Amino acid sequence: MTRESRGIQSIEVGGELLRALARSGEPMMLRDLAREAGMPPAKAHPYLVSFSRIGLIEQDEATGRYEIGALALELGLISLRRLSAVRIATPRIAALAGTIDHAVSLSVWGTHGPTVVRLEEPSHPVHIAMRVGSVVALLETATGRAFAAFMPQNTVKAALESGLDRLGVGYNPKRAPKSPKVAEILAEVRSRGLARALGDPLPGVNAFAAPVFDHTGRVTLVITAMGPEGTFDAGWDSAIATALHSCAGDISRQLGYGTVRATG
């Protein structure tokens, strides 16, 4: 008979609050979070204070709501990196960055939208407002457009209507998701299999982004190459675009997808 290891009951009790917050997927008030965890608010509050101190959760000072903190996000990103798709793609994007000598990022669809999980720097110093853990806007960035063009449209619609990416890099609160211009941009992404951003939303920075598909045809990753306007050739037939598209296609095939092709 295997003897059960001794644990710390208070940690297990407090863990119910983290589970409740994870199930919700949205910031929660103390009373609601406590109710979902099955405990009185007075009992829940000390746990939340401790979790806040170590970064597992954080509280919005304006609304008083609790949400997942930096440490929890970091742990989640570590888990994402262990996934087969990310593991397969990581050495490929490192090689791509070396080939084109520009920064290359790898993004997944996270809790708050397109989220950077890997970033390969070029050989020369370059300042780009992007880091691991960054969330980017759906319609204003090449990365976001690659997701928006190939993900199920009901998912994209729900994300836009809820303001999911309101804290993302490049987010524009005045955007009109249903405008003909947006439809035109996403149609071009589907047609070319690449998304492009020219000095917007990051001034002076050009970018291409390519989707990676799994064996079911679902977009599971987006690879983005970016660099200064002066040295980053943003032509659709440029060496950068060709290398990026080829890299995404190779990874997709390794994940069981026959060929990267435009899909509605």
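These are my notebook entries on a predicted model of one protein chain.

**Ground rules.** I number residues from 1 along the chain as its sequence is written, and my side-chain values use heavy atoms, with hydrogens and water left out. In this predicted model, local features need pLDDT of at least 70 and side-chain atom pairs count only at pLDDT 80 or more, while totals for chains, interfaces and linings use all residues.

**Whole chain.** I found 9 helices and 7 strands, taken as DSSP runs numbered from the N terminus (helices H or I, at least four residues; strands E, at least two). Of the 264 residues, 44% count as buried, that is, under 20% relative accessible area with a 1.4 Å probe, protein chains only. I looked at contacts (heavy atoms within 4.5 Å): among those between residues at least 6 apart in sequence, 56% join residues at least 24 apart.

**Helix H1.** H1 covers residues 9-24 and reaches 24 Å from its first C-alpha to its last, close to the 22 Å expected at 1.5 Å a residue; the expected span is 1.5 Å times one less than the number of residues. Its buried residues are Gly14, Gly15, Leu17, Ala20 and Leu21. I asked what they pack against, and found helices H2 (30-37) and H3 (41-54) with strands S1 (57-59) and S2 (66-68). Glycine 25 follows H1 with a positive phi, near 75 degrees.

**Sheet.** I traced an open sheet of 5 strands in the order S4-S3-S7-S6-S5, with antiparallel pairing; two strands pair if DSSP finds at least two bridges between them. S4 (113-120) and S5 (195-198) are the edge strands, each pairing on one side only. Strands S6 (205-213) and S7 (219-228) pair over 9 bridges. Phenylalanine 208 stands opposite alanine 225 in S7.

Key:
Buried < 20%, exposed > 50% of the residue type's maximum accessible area, 1.4 Å probe, protein only.
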